[in-house]
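Please read these notes with the model open beside you. They are written for someone who has not seen it before.

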Amino acid sequence: MAELTYRGLKYTQTKSDKGAQELHLQYSGYEIMSKRIHEAMKAEMD
């Protein structure tokens with residue numbers, strides 16, 4: 001079991017991690033998000 005720390009307190013994970021899937025997160029930087037917002041606003045104007 002894994003030991004987790006949250007706000008300075010330690011917890012022991014009781015849930016089994018059997019069958020856990022790997023999760024990949026991708027960060028969209030400021031440039032990409034501002035481009036998407038600009039495109040969405042432009043589409044609304046047309």
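The points below go from the whole chain to its parts.

1. **Basis.** This is a predicted model, in which local features need pLDDT of at least 70, side-chain atom pairs count only at pLDDT 80 or more, and totals for chains, interfaces and linings use all residues. Residues are numbered from 1 along each chain as its sequence is written, and side-chain values use heavy atoms, with hydrogens and water left out.

2. **Confidence.** pLDDT is the predictor's confidence in each residue, on a scale from 0 to 100. The protein chain has a mean pLDDT of 79. In this chain, 87% of the residues reach 70 or more. Among the elements, strand 2 has the highest mean pLDDT, at 87. Strand 1 has the lowest, at 82.

3. **Layout.** Helices (H or I, at least four residues) and strands (E, at least two) are DSSP runs, numbered from the N terminus.

4. How much of the protein chain counts as buried? The share is 2% of the 46 residues. Buried means under 20% relative accessible area, exposed means over 50%, and partly exposed lies in between (1.4 Å probe, protein chains only). The chain exposes about 5,300 Å². Carbon and sulfur atoms supply 55% of that area. Areas come from the Shrake-Rupley method with a 1.4 Å probe; for residues, only the protein chains shown count as cover.

5. Strand 1 and strand 2 pair in the antiparallel sense, over four bridges. Two strands count as paired if DSSP finds at least two bridges between them. Tyr6, in strand 1, has Leu9 of strand 2 as its bridge partner. Thr5 has Lys10 of strand 2 as its bridge partner. The two strands form a hairpin with two residues between them.

6. **The turn.** Arg7 lies in the loop between strand 1 (3-6) and strand 2 (9-12). Its phi is near 50 degrees, a positive value in a residue other than glycine. Most residues other than glycine have a negative phi. Is Arg7 buried or exposed? Arg7 counts as exposed because its relative accessibility is 73%.

7. **The salt bridge.** How many salt bridges does a search of the whole structure find? The search finds one. The side chains of Glu3 and Lys10 meet in it, at 3.8 Å from N to O. The cut-off is a side-chain nitrogen of Lys or Arg within 4 Å of a carboxyl oxygen of Asp or Glu. Glu3 is exposed, because its relative accessible area is 55%. Lys10 is exposed too, at 59% relative accessibility.

8. **The nonpolar patch.** Leu4, Tyr6, Leu9 and Tyr11 make a nonpolar surface patch of about 420 Å². Strand 1 and strand 2 are the elements that give two or more residues to this patch. Patches are made of residues with over 30% relative accessible area and no salt bridge: like charges are joined within 9 Å, nonpolar side chains (Val, Leu, Ile, Met, Phe, Trp, Tyr) within 5 Å.

9. Gln13 sits in the loop between strand 2 and helix 1. Gln13 is partly exposed, because its relative accessible area is 28%.

10. Helix 1 spans residues 30-45, which is 16 residues. From first C-alpha to last it reaches 23 Å, close to the 22 Å expected at 1.5 Å a residue. That expected span is 1.5 Å times one less than the number of residues. Helix 1 is hardly covered: its count of buried residues is zero.
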